[in-house]
Amino acid sequence: MAGWIKGVLTGVLSLLVTPAFLALLNLILGAPVDYLVVMLVGGIFGLGYGLEAGMLTIYALDTLKGIVCLLVDLTWSLPNTVFGFVFGNLIYPFFGTPSRANSADQCWISYQARGNSGFGVTTLQVLGTVNIGGRGQHERMHLLQTRIFGPLYLPIFAANYVINFLIQVVWTFTIGGLLWLLKVRNKPYFSPPSRSVVSGFFGWIYYANLFELWAYASGNP
């Protein structure tokens, strides 16, 4: 299938599937929101996402994988797709530009970093279906996690961060701090392993997140 056909189909499907899914969800929930508002919001997002995803031809719609990824991203995993589309496109333009080479048939929108080091080169990131830095096993795992857990992914991720933060704070100012004062420990707080891209006090909070542990265990950092 030609690239331009994939792009057009991606845009059309995004424009149709998103509002249709939101309307169905609204119906299941007892129509708490006016259908005109639902269709308008769904249509605006579907148009915006469809244009970007379509221009970069991120979905290989001549394959089962590409079709499934598109449908999952616009339905079950829609909250993650919206989150990544909004925040990824707000943050990543400061560090790079959308790359068709890194995005085509990869089921994600990928930004290519402008520099030769730093964010997007030595540190990759993915928010929903929007990535900076290109292919990385760790980031691909996060993308898979969003599609598996769907609307539960972001709440679990956030709750895990809050729990880890509380554990780190309590430990640091109680047992950890005491052991540090007694010179039994080098640091009063938990530290992540060296392969963690985030170090120091916040490094353990980041690394001990269940989704991060899963991603790190999958292979490359």
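**Close-up views of a predicted model**

**View 1. Threonine 57 is buried, with a relative accessible area of 5%.** Buried here means under 20% relative accessible area, exposed over 50%, and partly exposed in between (1.4 Å probe, protein chains only). The structure is a predicted model, in which local features need pLDDT of at least 70, side-chain atom pairs count only at pLDDT 80 or more, and totals for chains, interfaces and linings use all residues. Residues are numbered from 1 along each chain as its sequence is written, and side-chain values use heavy atoms, with hydrogens and water left out. Threonine 57 sits in the loop between helix H2 (35–55) and helix H3 (64–73); helices (H or I, at least four residues) and strands (E, at least two) are DSSP runs, numbered from the N terminus. Although not a glycine, Threonine 57 has a positive phi of about 45 degrees.

**View 2. Aspartate 105 is partly exposed, with a relative accessible area of 35%.** This residue lies in the loop between helix H5 (100–103) and strand S2 (109–113). Aspartate 105 has a positive phi of about 65 degrees and is not a glycine.

**View 3. The buried residues of H4 are Leu78, Asn80, Thr81, Gly84, Phe85, Gly88 and Asn89.** They cover an arc of only 155 degrees around the axis (taken from the directions from the helix axis to the C-beta atoms), which puts them on the same side of H4.

**View 4. Tyr153, Ile156, Phe157 and Asn160 in H7 meet Leu210, Phe211 and Glu212 in H10.** Contact means heavy atoms within 4.5 Å.
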